2 protein chains.
Amino acid sequence: MTNEKNYRIGIDLGGTNIKVGIVDQSQKIIASHSVKTLANRDYTEVIKDMADAVLFVLEKTGISLSECKALGIGSPGCIDSKNGIVVFAGNLNWEHVPILQELKKYIDLPMGLSNDANCAALGEVVGGAAMEYDNAIMITLGTGVGGGIVMDKKIFEGGHAGGAELGHITIVSGGEYCTCGRHGCFEAYSSATALIRDTKRAAQQHPESLLNTLCNGNIEEINGITPFDAAKKGDAAGKEVVENYIKYLGEGIVNMVNIFRPDVVLLSGGVCNQGTYLTDPLNAYIKKYCFAGERAFIPPIIRATLGNDAGIIGAASIVE
Amino acid sequence: MTNEKNYRIGIDLGGTNIKVGIVDQSQKIIASHSVKTLANRDYTEVIKDMADAVLFVLEKTGISLSECKALGIGSPGCIDSKNGIVVFAGNLNWEHVPILQELKKYIDLPMGLSNDANCAALGEVVGGAAMEYDNAIMITLGTGVGGGIVMDKKIFEGGHAGGAELGHITIVSGGEYCTCGRHGCFEAYSSATALIRDTKRAAQQHPESLLNTLCNGNIEEINGITPFDAAKKGDAAGKEVVENYIKYLGEGIVNMVNIFRPDVVLLSGGVCNQGTYLTDPLNAYIKKYCFAGERAFIPPIIRATLGNDAGIIGAASIVE
């Protein structure tokens, strides 16, 4: 037993799995454990399993609670971090769950809670692609568009639960339907879901296009790679889909820069596997359109590096 | 002479006038003085006049510098507040002007600098409509759309100069041209300039409309009141202009709420003289469209109360 607190515990709570990790001072996950969320139970049971998973992974690695400085949870949904409450999380079917209060029944540590996208952003700042920066915006291009804001190496959430929802900024008012109930959100143009939707439409409108060949004539096989593959082979319809996607993603990023003017913009999610094919035109786009142009600082747009670990690493650092 | 520092000095620097005010502890301007900016001179001359105006108003009121806690400047343009530099201000014709360094040659006080819209927001929080709140977004509907962000009773500017430009968030990508070089900015839909543009268009498209009667058949006489007057008298074209204006303003405000989730949203500028005719439908709009709906906190939208004094009062409080 030692009194040195060399470890932190991060929990990535998802609709399917609860992932627990022990993070050391070099921001590496030295041990982890995953259990099923089984979200359709009473929340007290889910949180009991969460506590058991933490205690299990500690025991497995021979680390005691007294060696841990803090525990943090990244949760989907709308989070009241000040009070440790999940206000609303659709994929957990939770409303007003006092998650930290419940978890403290089992584990005695300083605890923090934030939205999963915010945790991922903080993870990249403390231990990933943005380690040399204090201020970062991270945009995760997945089923939706997740946004995380880190200012002065701390998560920025706004005044009340329901802030930092960067995916739900309309960029085309009255445009494509968004799951949030509005039309034209950033998410409705820049998520992988939106990219696939637009690729399917283009395939149908252009029967001659390579988009149809690449999916073997079955548009249900189209994924987020299809339009890039077609574009790289010179397919006009594929190019148009990719150019539009980059344009709207650029619009959303310029908006974020004009508000937060961060040191860096991080992108994550499968679409980022396109690498510089995606980031080069985006960097050119924002250089052209950010407010005050090159008279003001224009942040680089780079890829996040931690992948799925970012959420655990960031959650572990919520408590300072 | 006393050592009690009961006063603060606020300066509202504009393209036409430099307004200096002494602010007391109850956040009232107890004395003020205004001089012409005459911006086409060397900046050192402008700043010398600024210093003289400060010393003049102090002498006039019999308050010594030693009774003043701090001095703050609200400037138009893109501001590097950390280094006290006006990076770029079109209506001053300034680039990279080290305003605080220059002013300190004449006045020995702790000094702060911020964008004028941010100062106005802070003014309303320390001494105006938002005194009971810690977090506020203020949107000024004038020639452009100015945005000010106050979090924890402090101005929030983002990481680098050129943040907090809330007017330059595209809400209709590819839409109306904006002076910033993009198309479809919030400003291009919600400024008084945009309202007048849309009213003129409606008057031309609907020769039978009251819009044409109200301007005596001369559309150049149309102002920001015209569409509201027509709408209140039941004119269909006027109603459509007002409804569209409120819709886009609502879109912009929902975007701000989804990012900052403030305690309150303040509106200022001449259009706000419409009072609840403007704010009632806006409050209804954001209740419907903010992320997570009524499960999350939805801030009230209210009118700012300090008018042109907000900038001086806020500037005076930049230094804590």
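This is a predicted model: local features need pLDDT of at least 70, side-chain atom pairs count only at pLDDT 80 or more; totals for chains, interfaces and linings use all residues.
Local features need pLDDT of at least 70 and side-chain atom pairs count only at pLDDT 80 or more, while totals for chains, interfaces and linings use all residues; side-chain values use heavy atoms, with hydrogens and water left out. Residues are numbered from 1 along each chain as its sequence is written, and chains are lettered from A and ligands numbered from 1 in the order in which they are written.

I begin with the relation between the copies. Chain A is superposed on chain B by a rotation of 180° with 0.0 Å of shift along its axis, at an RMSD of 0.0 Å (least squares on the C-alpha atoms of residues with pLDDT of at least 70 in both). That is the relation of a two-fold axis.

Next, the interface. Chain A contributes 46 residues and chain B 46 residues to the contact, where contact means heavy atoms within 4.5 Å. Of the interface residues of chain A, 100% are also interface residues in chain B, so the copies meet through the same surface.

The area buried between the two chains is about 3700 Å², and carbon and sulfur atoms give 58% of that area; buried area is the accessible area (1.4 Å probe) that two parts lose on being put together, summed over both. In chain A, the residues that lose the most area to chain B are A:Ile259, A:Phe291 and A:Arg295, together 19% of what that side buries.

Turning to polar interactions, there are 30 residue pairs in polar contact between chain A and chain B, both residues at pLDDT 80 or more. A polar contact is a pair of N or O atoms within 3.5 Å; within protein, one must be able to donate a hydrogen and the other to accept it, and residues adjacent in sequence count only if both atoms are side-chain atoms. The chains also share 4 salt bridges (a side-chain nitrogen of Lys or Arg within 4 Å of a carboxyl oxygen of Asp or Glu). One of these joins A:Glu251 to B:Arg182, with the closest N and O atoms 3.4 Å apart.

Finally, I turn to A:Arg8. At 15% relative accessibility, A:Arg8 counts as buried, the limit being under 20% relative accessible area (1.4 Å probe, protein chains only), with exposed over 50% and partly exposed in between. Beyond its neighbours within four places in sequence, A:Arg8 is in contact with residues including A:Gly21, A:Lys69 and A:Glu320. A polar atom of the A:Arg8 side chain lies 2.7 Å from the backbone oxygen of A:Val319.
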